[in-house]
Amino acid sequence: MKEKEAIILVLFLSYLVLIARGKYIRSIKQGENNSQLLVYRRVNKTIQMGSGDIFDCIDVNLQPAFDHPLLKGHKIQIEPSSFPLGMDIKSPSQHVISPAQPPIIECPIGTIPILRNHRRDHITRQDIDEVAVTNNQQEEAGIEYRDDYIYGTRAIISVYEPKVKKDCKDLSASGLNINSGPEGGQADTIGAGYSVSPSLSGDGYARFHVAWDEGVLNKSCYDLTCPGFVQICHNFGLGGRLQPVSVVYNGSQYVITILIFKDPNTKNWWLIWGEEKTPIGYWPNSLFTYIKDKGSYAFWGGHVSGPTASTDSPQIGSGHFASEGYSKAAFIKNIKIVDGNNTLVNPGDKKALAGTTSLSKFTVDGYEIDKDGMHTFYGGPGDLV
(Lines give C-alpha, C1' and ligand atoms only; values in the text may rest on other atoms or scores of the structure.)
Protein backbone atom coordinates (compact mmCIF):
# COMPACT_ATOMS: atom_id res chain seq x y z
CA MET A 1 0.00 0.00 0.00
CA LYS A 2 1.15 3.48 -0.67
CA GLU A 3 3.30 5.37 1.79
CA LYS A 4 0.66 8.08 2.34
CA GLU A 5 -1.92 5.57 3.58
CA ALA A 6 0.65 3.87 5.81
CA ILE A 7 1.53 7.20 7.40
CA ILE A 8 -2.15 8.01 7.87
CA LEU A 9 -2.69 4.74 9.71
CA VAL A 10 0.17 5.57 12.06
CA LEU A 11 -1.26 9.03 12.69
CA PHE A 12 -4.66 7.46 13.26
CA LEU A 13 -3.63 6.50 16.79
CA SER A 14 -0.76 8.85 17.49
CA TYR A 15 -1.33 9.75 21.09
CA LEU A 16 -1.19 13.06 22.94
CA VAL A 17 -1.44 13.40 26.70
CA LEU A 18 -4.40 14.25 28.91
CA ILE A 19 -3.27 14.72 32.50
CA ALA A 20 -5.84 14.86 35.26
CA ARG A 21 -5.35 15.85 38.90
CA GLY A 22 -7.63 16.87 41.78
CA LYS A 23 -10.70 18.94 40.99
CA TYR A 24 -9.47 20.33 37.69
CA ILE A 25 -8.49 18.82 34.36
CA ARG A 26 -5.54 20.22 32.49
CA SER A 27 -6.08 19.98 28.74
CA ILE A 28 -3.03 20.64 26.60
CA LYS A 29 -3.15 22.95 23.64
CA GLN A 30 -0.71 22.16 20.86
CA GLY A 31 1.94 24.80 20.32
CA GLU A 32 5.32 25.33 18.77
CA ASN A 33 8.17 23.23 20.14
CA ASN A 34 7.35 22.19 23.71
CA SER A 35 5.34 25.23 24.72
CA GLN A 36 1.97 24.31 26.20
CA LEU A 37 -0.94 26.40 27.40
CA LEU A 38 -2.84 24.78 30.27
CA VAL A 39 -6.53 25.54 30.44
CA TYR A 40 -8.32 24.51 33.65
CA ARG A 41 -11.84 23.13 33.52
CA ARG A 42 -14.03 22.69 36.58
CA VAL A 43 -15.14 19.09 37.11
CA ASN A 44 -18.88 18.62 37.69
CA LYS A 45 -18.57 15.01 38.89
CA THR A 46 -15.90 12.30 39.07
CA ILE A 47 -16.73 8.64 38.45
CA GLN A 48 -14.45 5.64 39.02
CA MET A 49 -15.24 2.50 37.05
CA GLY A 50 -14.74 -1.09 38.15
CA SER A 51 -11.89 -1.38 35.64
CA GLY A 52 -10.01 1.37 37.52
CA ASP A 53 -10.64 4.02 34.88
CA ILE A 54 -11.63 7.43 36.20
CA PHE A 55 -13.86 9.80 34.23
CA ASP A 56 -14.48 13.47 34.97
CA CYS A 57 -17.79 15.04 33.89
CA ILE A 58 -17.19 18.39 32.18
CA ASP A 59 -19.72 20.96 30.93
CA VAL A 60 -20.40 20.12 27.28
CA ASN A 61 -19.87 23.78 26.36
CA LEU A 62 -16.42 23.82 27.99
CA GLN A 63 -14.99 20.69 26.37
CA PRO A 64 -11.53 20.83 24.74
CA ALA A 65 -12.96 21.11 21.20
CA PHE A 66 -13.76 24.76 21.70
CA ASP A 67 -10.16 25.71 22.37
CA HIS A 68 -9.61 25.27 18.63
CA PRO A 69 -9.27 28.70 16.96
CA LEU A 70 -11.63 27.62 14.17
CA LEU A 71 -14.35 26.68 16.66
CA LYS A 72 -14.63 29.91 18.59
CA GLY A 73 -18.33 30.73 18.81
CA HIS A 74 -19.26 27.33 17.37
CA LYS A 75 -22.88 26.36 18.07
CA ILE A 76 -23.16 22.75 19.20
CA GLN A 77 -25.20 20.50 16.94
CA ILE A 78 -27.19 18.28 19.33
CA GLU A 79 -28.04 15.56 16.80
CA PRO A 80 -27.68 14.83 13.08
CA SER A 81 -30.18 16.63 10.88
CA SER A 82 -30.87 13.25 9.25
CA PHE A 83 -29.44 9.76 9.03
CA PRO A 84 -28.39 7.96 5.85
CA LEU A 85 -31.19 6.07 4.10
CA GLY A 86 -30.99 2.30 4.41
CA MET A 87 -29.94 2.19 8.08
CA ASP A 88 -33.15 0.46 9.11
CA ILE A 89 -32.60 -2.48 6.78
CA LYS A 90 -31.56 -5.42 8.95
CA SER A 91 -29.15 -7.96 7.51
CA PRO A 92 -29.76 -11.48 8.83
CA SER A 93 -26.63 -13.23 10.12
CA GLN A 94 -25.91 -16.94 9.90
CA HIS A 95 -23.91 -16.63 13.12
CA VAL A 96 -24.81 -15.37 16.59
CA ILE A 97 -22.91 -12.19 17.45
CA SER A 98 -23.28 -9.89 20.45
CA PRO A 99 -22.21 -6.27 20.97
CA ALA A 100 -19.04 -5.32 22.83
CA GLN A 101 -19.93 -2.34 24.99
CA PRO A 102 -18.01 0.73 26.14
CA PRO A 103 -18.37 1.79 29.78
CA ILE A 104 -21.60 3.65 30.54
CA ILE A 105 -20.59 6.79 32.42
CA GLU A 106 -23.41 8.35 34.45
CA CYS A 107 -22.49 11.96 33.84
CA PRO A 108 -25.31 14.49 34.25
CA ILE A 109 -27.08 15.66 31.12
CA GLY A 110 -25.31 18.77 29.87
CA THR A 111 -21.87 17.32 30.63
CA ILE A 112 -19.58 14.82 28.89
CA PRO A 113 -17.09 12.31 30.37
CA ILE A 114 -13.35 12.75 29.88
CA LEU A 115 -11.07 9.84 30.74
CA ARG A 116 -8.51 10.44 33.46
CA ASN A 117 -5.79 7.80 33.19
CA HIS A 118 -3.14 7.88 35.89
CA ARG A 119 -0.84 5.79 33.72
CA ARG A 120 -0.39 8.86 31.54
CA ASP A 121 1.04 10.80 34.47
CA HIS A 122 4.22 8.79 33.94
CA ILE A 123 4.42 9.16 30.17
CA THR A 124 7.04 11.58 28.90
CA ARG A 125 6.82 13.74 25.79
CA GLN A 126 9.50 11.48 24.28
CA ASP A 127 7.24 8.44 24.77
CA ILE A 128 4.46 10.16 22.83
CA ASP A 129 6.75 11.32 20.06
CA GLU A 130 8.06 7.78 19.59
CA VAL A 131 4.51 6.63 18.87
CA ALA A 132 3.60 9.62 16.72
CA VAL A 133 6.63 9.91 14.45
CA THR A 134 5.88 9.02 10.87
CA ASN A 135 9.04 6.99 10.34
CA ASN A 136 7.87 4.33 12.79
CA GLN A 137 7.54 0.83 11.45
CA GLN A 138 4.05 -0.28 10.41
CA GLU A 139 2.22 -3.29 9.00
CA GLU A 140 -1.41 -3.60 7.99
CA ALA A 141 -4.06 -6.00 6.76
CA GLY A 142 -7.48 -5.09 5.41
CA ILE A 143 -9.30 -3.39 2.56
CA GLU A 144 -8.45 -0.04 1.01
CA TYR A 145 -10.99 1.71 -1.16
CA ARG A 146 -10.66 4.57 -3.64
CA ASP A 147 -13.62 6.60 -4.86
CA ASP A 148 -14.05 10.29 -5.54
CA TYR A 149 -17.39 10.37 -3.72
CA ILE A 150 -17.25 8.94 -0.19
CA TYR A 151 -19.70 10.61 2.21
CA GLY A 152 -19.41 8.04 4.96
CA THR A 153 -19.09 4.36 5.80
CA ARG A 154 -20.53 1.82 8.20
CA ALA A 155 -19.12 -1.55 9.29
CA ILE A 156 -19.41 -4.28 11.91
CA ILE A 157 -16.01 -5.08 13.46
CA SER A 158 -15.19 -8.07 15.67
CA VAL A 159 -13.36 -7.08 18.86
CA TYR A 160 -10.31 -8.92 20.18
CA GLU A 161 -7.42 -8.04 22.45
CA PRO A 162 -4.35 -8.74 20.27
CA LYS A 163 -1.16 -9.42 22.17
CA VAL A 164 1.27 -6.50 22.32
CA LYS A 165 4.42 -6.86 24.42
CA LYS A 166 4.24 -4.77 27.59
CA ASP A 167 7.82 -3.59 27.36
CA CYS A 168 7.55 -2.25 23.80
CA LYS A 169 6.00 0.95 22.46
CA ASP A 170 4.04 -0.64 19.65
CA LEU A 171 0.27 -0.70 19.30
CA SER A 172 -2.28 -2.83 17.47
CA ALA A 173 -5.50 -1.27 16.20
CA SER A 174 -8.56 -2.18 14.14
CA GLY A 175 -11.19 0.10 12.71
CA LEU A 176 -12.15 2.27 9.76
CA ASN A 177 -11.14 5.65 8.43
CA ILE A 178 -11.91 8.09 5.63
CA ASN A 179 -9.52 10.61 4.16
CA SER A 180 -8.85 12.95 1.30
CA GLY A 181 -5.87 14.98 0.23
CA PRO A 182 -3.31 15.66 -2.49
CA GLU A 183 -1.40 12.71 -3.88
CA GLY A 184 1.82 12.32 -1.95
CA GLY A 185 0.88 15.02 0.57
CA GLN A 186 -0.72 15.22 3.99
CA ALA A 187 -4.41 14.31 3.99
CA ASP A 188 -7.36 15.15 6.18
CA THR A 189 -8.39 11.97 7.99
CA ILE A 190 -11.16 10.90 10.35
CA GLY A 191 -11.50 7.46 11.89
CA ALA A 192 -12.70 5.27 14.74
CA GLY A 193 -11.99 1.82 16.15
CA TYR A 194 -10.30 -0.01 19.00
CA SER A 195 -6.66 -0.41 19.93
CA VAL A 196 -4.36 -2.17 22.39
CA SER A 197 -1.34 -0.13 23.53
CA PRO A 198 0.19 -1.17 26.89
CA SER A 199 2.86 1.55 26.79
CA LEU A 200 0.26 4.32 26.69
CA SER A 201 -2.83 2.94 28.44
CA GLY A 202 -0.93 0.84 31.00
CA ASP A 203 -2.86 -2.34 30.16
CA GLY A 204 -3.64 -4.80 27.36
CA TYR A 205 -7.34 -3.98 27.07
CA ALA A 206 -9.17 -3.13 23.85
CA ARG A 207 -10.17 0.54 24.11
CA PHE A 208 -12.39 2.54 21.77
CA HIS A 209 -10.97 5.70 20.19
CA VAL A 210 -11.76 8.33 17.61
CA ALA A 211 -8.94 10.07 15.77
CA TRP A 212 -8.31 12.65 13.08
CA ASP A 213 -5.60 14.46 11.17
CA GLU A 214 -5.73 18.03 9.89
CA GLY A 215 -3.61 17.66 6.77
CA VAL A 216 -2.72 21.29 6.04
CA LEU A 217 -1.67 21.91 9.64
CA ASN A 218 -0.07 18.45 9.89
CA LYS A 219 -1.72 17.92 13.27
CA SER A 220 -3.17 14.67 14.53
CA CYS A 221 -5.16 13.91 17.65
CA TYR A 222 -7.40 11.34 19.32
CA ASP A 223 -10.47 11.41 21.58
CA LEU A 224 -10.67 14.62 23.67
CA THR A 225 -6.97 15.09 24.26
CA CYS A 226 -6.82 18.23 22.13
CA PRO A 227 -9.29 20.55 20.36
CA GLY A 228 -11.36 19.21 17.47
CA PHE A 229 -13.89 16.43 18.04
CA VAL A 230 -17.15 17.66 19.62
CA GLN A 231 -18.75 15.07 21.91
CA ILE A 232 -22.47 15.38 22.63
CA CYS A 233 -23.26 12.05 24.32
CA HIS A 234 -23.28 12.45 28.12
CA ASN A 235 -22.63 8.79 29.02
CA PHE A 236 -20.19 7.46 26.41
CA GLY A 237 -16.56 7.23 27.55
CA LEU A 238 -14.08 7.71 24.71
CA GLY A 239 -10.92 5.76 25.50
CA GLY A 240 -12.87 3.36 27.69
CA ARG A 241 -12.45 -0.40 27.78
CA LEU A 242 -14.71 -2.49 25.52
CA GLN A 243 -16.36 -5.50 27.18
CA PRO A 244 -16.93 -8.34 26.56
CA VAL A 245 -14.49 -9.17 23.78
CA SER A 246 -13.85 -12.29 21.69
CA VAL A 247 -11.25 -14.24 23.66
CA VAL A 248 -12.02 -17.95 23.18
CA TYR A 249 -10.82 -19.71 20.03
CA ASN A 250 -13.94 -20.93 18.20
CA GLY A 251 -16.00 -19.19 20.89
CA SER A 252 -18.52 -16.35 21.17
CA GLN A 253 -18.03 -13.35 18.92
CA TYR A 254 -18.42 -9.76 20.09
CA VAL A 255 -18.57 -6.78 17.76
CA ILE A 256 -18.85 -3.02 17.49
CA THR A 257 -20.92 -1.27 14.82
CA ILE A 258 -19.58 2.09 13.66
CA LEU A 259 -21.01 4.64 11.26
CA ILE A 260 -19.24 7.81 10.17
CA PHE A 261 -21.13 10.05 7.76
CA LYS A 262 -21.35 13.62 6.58
CA ASP A 263 -24.47 15.50 7.66
CA PRO A 264 -26.03 16.70 4.38
CA ASN A 265 -27.18 19.99 5.97
CA THR A 266 -24.47 21.09 8.41
CA LYS A 267 -21.64 19.28 6.56
CA ASN A 268 -20.24 18.05 9.90
CA TRP A 269 -18.86 14.48 10.04
CA TRP A 270 -20.85 12.44 12.59
CA LEU A 271 -19.83 9.36 14.58
CA ILE A 272 -22.74 7.00 15.32
CA TRP A 273 -22.45 4.01 17.67
CA GLY A 274 -24.19 0.64 17.51
CA GLU A 275 -27.39 -0.74 16.12
CA GLU A 276 -29.24 1.74 18.35
CA LYS A 277 -27.79 4.58 16.23
CA THR A 278 -26.47 6.55 19.20
CA PRO A 279 -24.83 9.86 18.14
CA ILE A 280 -21.52 10.21 20.00
CA GLY A 281 -20.33 13.46 18.47
CA TYR A 282 -18.90 14.99 15.34
CA TRP A 283 -15.91 16.57 13.63
CA PRO A 284 -16.94 20.11 12.59
CA ASN A 285 -16.56 20.67 8.87
CA SER A 286 -14.56 23.84 9.51
CA LEU A 287 -11.61 21.81 10.85
CA PHE A 288 -10.69 20.47 7.45
CA THR A 289 -9.46 21.53 4.05
CA TYR A 290 -9.56 18.42 1.85
CA ILE A 291 -12.40 16.48 3.43
CA LYS A 292 -14.80 19.43 3.66
CA ASP A 293 -16.94 18.12 0.82
CA LYS A 294 -16.25 14.39 0.68
CA GLY A 295 -13.64 11.68 1.12
CA SER A 296 -11.70 9.93 -1.62
CA TYR A 297 -10.16 7.01 0.28
CA ALA A 298 -11.33 4.59 2.98
CA PHE A 299 -9.70 1.77 4.91
CA TRP A 300 -11.18 -1.07 6.93
CA GLY A 301 -8.94 -3.47 8.80
CA GLY A 302 -6.11 -3.62 11.28
CA HIS A 303 -2.59 -2.31 11.64
CA VAL A 304 0.36 -2.36 13.98
CA SER A 305 2.72 0.58 14.38
CA GLY A 306 5.65 1.57 16.54
CA PRO A 307 9.43 1.24 16.87
CA THR A 308 9.39 -2.58 16.40
CA ALA A 309 6.09 -3.11 14.57
CA SER A 310 7.83 -4.75 11.59
CA THR A 311 10.90 -6.34 13.18
CA ASP A 312 8.99 -7.79 16.16
CA SER A 313 5.34 -7.40 15.16
CA PRO A 314 2.44 -7.55 17.61
CA GLN A 315 -0.69 -9.47 16.67
CA ILE A 316 -3.50 -8.03 14.57
CA GLY A 317 -7.09 -8.99 15.36
CA SER A 318 -7.40 -12.40 17.00
CA GLY A 319 -3.77 -13.28 16.39
CA HIS A 320 -4.84 -16.01 13.97
CA PHE A 321 -4.56 -16.03 10.19
CA ALA A 322 -7.59 -15.00 8.15
CA SER A 323 -7.90 -18.41 6.49
CA GLU A 324 -8.98 -19.95 9.82
CA GLY A 325 -12.35 -18.28 9.34
CA TYR A 326 -15.27 -17.42 11.57
CA SER A 327 -14.85 -17.47 15.38
CA LYS A 328 -11.12 -17.94 14.92
CA ALA A 329 -10.00 -14.99 12.78
CA ALA A 330 -11.02 -11.34 13.15
CA PHE A 331 -13.56 -10.01 10.67
CA ILE A 332 -15.08 -6.82 9.34
CA LYS A 333 -18.45 -7.30 7.68
CA ASN A 334 -21.49 -5.56 6.23
CA ILE A 335 -19.31 -2.69 5.03
CA LYS A 336 -21.35 0.00 3.30
CA ILE A 337 -20.55 3.38 1.76
CA VAL A 338 -22.67 6.52 2.08
CA ASP A 339 -23.16 7.97 -1.40
CA GLY A 340 -23.98 11.47 -2.61
CA ASN A 341 -27.70 10.87 -2.03
CA ASN A 342 -27.09 10.16 1.67
CA THR A 343 -27.85 6.48 1.13
CA LEU A 344 -25.98 3.42 2.36
CA VAL A 345 -24.90 1.41 -0.69
CA ASN A 346 -22.54 -1.44 -1.44
CA PRO A 347 -18.94 -0.48 -2.26
CA GLY A 348 -17.88 -0.99 -5.86
CA ASP A 349 -15.83 -4.16 -6.26
CA LYS A 350 -13.40 -2.62 -8.74
CA LYS A 351 -12.59 0.21 -6.33
CA ALA A 352 -11.61 -2.09 -3.45
CA LEU A 353 -8.28 -3.78 -2.82
CA ALA A 354 -7.89 -6.38 -0.06
CA GLY A 355 -4.31 -7.04 1.00
CA THR A 356 -1.56 -7.09 3.57
CA THR A 357 1.95 -5.70 3.87
CA SER A 358 3.44 -8.96 5.19
CA LEU A 359 1.95 -12.29 4.10
CA SER A 360 4.12 -14.26 6.53
CA LYS A 361 2.66 -12.37 9.51
CA PHE A 362 -0.82 -11.19 8.51
CA THR A 363 -3.36 -12.26 5.91
CA VAL A 364 -6.71 -11.33 4.37
CA ASP A 365 -9.17 -14.03 3.33
CA GLY A 366 -12.83 -14.55 2.54
CA TYR A 367 -13.17 -11.20 0.81
CA GLU A 368 -16.56 -10.84 -0.88
CA ILE A 369 -19.35 -8.43 -1.65
CA ASP A 370 -22.98 -9.55 -1.44
CA LYS A 371 -26.36 -7.91 -0.84
CA ASP A 372 -25.40 -7.13 2.77
CA GLY A 373 -22.18 -5.32 1.89
CA MET A 374 -18.47 -6.06 1.78
CA HIS A 375 -16.83 -8.58 4.12
CA THR A 376 -13.41 -9.98 4.97
CA PHE A 377 -11.41 -11.88 7.56
CA TYR A 378 -8.04 -10.36 8.43
CA GLY A 379 -5.15 -10.46 10.89
CA GLY A 380 -2.44 -12.78 12.14
CA PRO A 381 0.12 -13.57 14.83
CA GLY A 382 2.84 -11.18 13.70
CA ASP A 383 6.05 -12.41 15.29
CA LEU A 384 4.23 -13.68 18.40
CA VAL A 385 3.90 -17.23 17.09
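## Terms and model

A residue is called buried when its relative accessible area is under 20%, exposed when that area is over 50%, and partly exposed in between, as found with a 1.4 Å probe on protein chains only. By that rule Glu144, at 5% relative accessibility, counts as buried.

This is a predicted model, in which local features need pLDDT of at least 70 and side-chain atom pairs count only at pLDDT 80 or more, while totals for chains, interfaces and linings use all residues. Residues are numbered from 1 along each chain as its sequence is written, and side-chain values use heavy atoms, with hydrogens and water left out.

## Disulfides and other cysteines

Two disulfides are found in the structure, a disulfide being a pair of cysteine sulfur atoms within 2.5 Å. When bonded cysteines are counted along the chain, the pattern is 1-2, 3-4.

The disulfide between Cys221 and Cys226 has an S to S distance of 1.9 Å. Cys221 counts as buried at 1% relative accessibility, as does Cys226 at 3%.

Strands of a sheet pair through backbone hydrogen bonds, either parallel or antiparallel. In this model an open sheet of seven strands has the order 13-12-11-10-18-8-21, with antiparallel pairing, where two strands pair if DSSP finds at least two bridges between them. Strand 13 (219-222) and strand 21 (352-356) stand at the edges with a single partner strand each, so one side of each has no neighbour in the sheet. From one strand to the next, the twist averages 15°, with axes taken as lines fitted to C-alpha atoms and angles running from 0 to 180 degrees between N-to-C directions.

Within the sheet, strand 10 (residues 171-180) and strand 18 (residues 295-306) run antiparallel and are joined by nine bridges. Ser172 stands opposite Val304 in strand 18.

## Salt bridges

Side chains of opposite charge can pair when their charged atoms come close. A salt bridge is counted when a side-chain nitrogen of Lys or Arg is within 4 Å of a carboxyl oxygen of Asp or Glu, and this rule gives nine salt bridges. Among them is the pair Asp56 and Arg116, 2.8 Å from N to O, which links strand 5 to strand 7 across 60 residues. Both Asp56 and Arg116 are buried.

Glu144 and Arg146 meet at 3.8 Å, N to O, and here Arg146 is partly exposed, with a relative accessible area of 33%. Lys351 and Asp147 form a salt bridge of 2.9 Å, N to O. Lys351 lies in the loop between strand 20 (344-345) and strand 21, and Asp147 in strand 8 (residues 137-150), so the pair ties together parts 204 residues apart in sequence. Lys351 is partly exposed at 40%, whereas Asp147 is buried at 12%. Elsewhere, salt bridges that share partners join Asp53, Asp203 and Arg207 into one network.

How values were computed
Helix = DSSP H or I, 4+ residues; strand = E, 2+ residues; numbered from the N terminus.
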